[in-house]
Amino acid sequence: MRFILISILTLTISITWGQNEEDALRYSQTYFGGTARNISMAGAMTAIGGDYSASSQNPASLSRFNKSNFSFTPILEYNQTLTDFYGSKDGQQSMGVKIGNFSYLKAYKIPKNMSNGWVSMQMGLGYQRINSFKNNSRYSGEIDSSIIHEANGTGTAYIYSYFPFTSGLAYDTYAIDPDSNNTYSTELSGNSIHNRKITNNGGMGEYSFAISGNYKNKLYLGGTFNINRIKYETNFVHKEDFVEQDNIWLNSIEYSGNLTTEGYGVNVKIGAIYLPSDKIRIGLAIHSPTQYKLNDTYGNDMTAYTDDPNYPIKYVKEEFKPVGEYDYILRTPAKVNLSFGYIIKKKASIGIEVEYIDYTGSKLKSIKFGDEPYSFIAENNQIKNLYRPRINVKLGGEYRVNPTLYLRGGYAYYSAPYSSQSKVNTTANQFITGGFGLNFGAMITLLTTPI
């Protein structure tokens, strides 16, 4: 289950599409995922190892495998979103089945006469889901503003060049008209009742090639080469009904839009885990920045409902609906992961992880030698102004009830990425997780609940 609270204080302008600091943040934030065991322990099992998903944080964790391993994990994803729009509260739910993990690891025991201290090595291929964008939200309420106010004061010669995806559509549907000074004014629209529904889908997945080695059962080393895939889809439908219909010709409008982002990125991860004793394990891993090549496709539409006795419904012809497409580069920040594991009498284990990420390290760039070069200076400055370095913390544990049954639980705290100067009021993402597993490899996550 995923629970999201959105406080909407003022959404009185139109949604337009463009590559910006929000995109950089969306694809820089990744969470724990993969196998049911890893999810149940809130992703805090890196130093403990023995699970392919732990390689997403520290590839050296794969050195714990002495035998070849295959894993496949489907997950049921349930999201709940609450919104607050000027005191009017609403909620939406969404559900879907996804693949959380798919991996195969081959373990090789090194003969003593060839080892030079190396006990074993492992090679593997795998996939795991590292972020989900799936959620639905909805809000409604009456306010003294409208999305068509955006064009106020704009000259008639600039309506399409300044606002092709927003007020240009309002002009095409007769929702706005110029006044005697050839500028747009919509001050007579009065209050309006807003209803907006937003649907988001997609996620981020990581395909990895891993190699690791066990040196004298004291030092584990590992590395992965990763290909990350992004698919993000968002659609909105915004409706406004105007309260003072006796004073205006326009009764209501319906405004909609869609955006799809797809692309791939690459990174490498290296890590080490050291065992000062049989009970204690300490790990360190470094993740390189991820370089993505992304493609955005987007479009908007509008329909107006009027008092025109002949043609009350005004719409935009298909050939005049604005659409766009753009290819660009996004580099997300590097990460450093420090992990600690403690084994309790071979009956239980506790894992702690601390992750450092500097969100100001994100950067947007245009495609080199592309058809539409763009500097992204303003957007990259916003990244540096809005975001700050942050530390994320995860804690998880596993207890063996008997040789068959294992109980698991965890807690994760992902700090809000915004600086205090940004004035953006967001809270940290917190996850409480739990589950149980059976020793033949079937693992079931009973509860995975962000709060």
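Let's start with Tyr31, which is buried because its relative accessible area is 10%; buried means under 20%, exposed over 50%, and partly exposed in between, with a 1.4 Å probe and protein chains only. Before going on, please remember that this is a predicted model, where local features need pLDDT of at least 70, side-chain atom pairs count only at pLDDT 80 or more, and totals for chains, interfaces and linings use all residues. Residues are numbered from 1 along each chain as its sequence is written, and side-chain values use heavy atoms, with hydrogens and water left out.

Now, which residue pairs with Tyr31? Rings of Phe, Tyr and Trp (its six-membered ring) pair if their centres lie within 6.5 Å; planes under 30 degrees apart are stacked, over 60 edge-to-face, and the rest tilted. By this rule there are 20 aromatic pairs. In one of them, the ring centres of Tyr31 and Tyr414 are 4.7 Å apart with planes at 70°, so the pair is edge-to-face. Tyr31 sits in the loop between H1 and helix H2 (36-40), and Tyr414 in strand E17 (residues 405-414), so the pair ties together parts 383 residues apart in sequence. Helices (H or I, at least four residues) and strands (E, at least two) are DSSP runs, numbered from the N terminus. Tyr414 counts as buried too, because its relative accessibility is 7%.

Phe32 belongs to the loop between H1 and H2, while Phe431 belongs to strand E18 (residues 429-438), 399 residues apart. Both Phe32 and Phe431 are buried. Together, Tyr31, Phe32, Tyr414 and Phe431 make one aromatic cluster.

Arg26 lies over the face of Tyr232, 4.0 Å from the ring centre; the rule asks for NZ of Lys or CZ of Arg within 6 Å of the ring centre and within 35 degrees of the ring normal. The charged end of Lys314 is over the ring of Tyr174, 5.3 Å from its centre.

Finally, is Glu206 buried or exposed? Glu206 counts as buried because its relative accessibility is 2%. You can find Glu206 in strand E6 (residues 192-215). Its side chain makes a polar contact of 3.3 Å with that of Ser56. A polar contact is a pair of N or O atoms within 3.5 Å; within protein, one must be able to donate a hydrogen and the other to accept it, and residues adjacent in sequence count only if both atoms are side-chain atoms.
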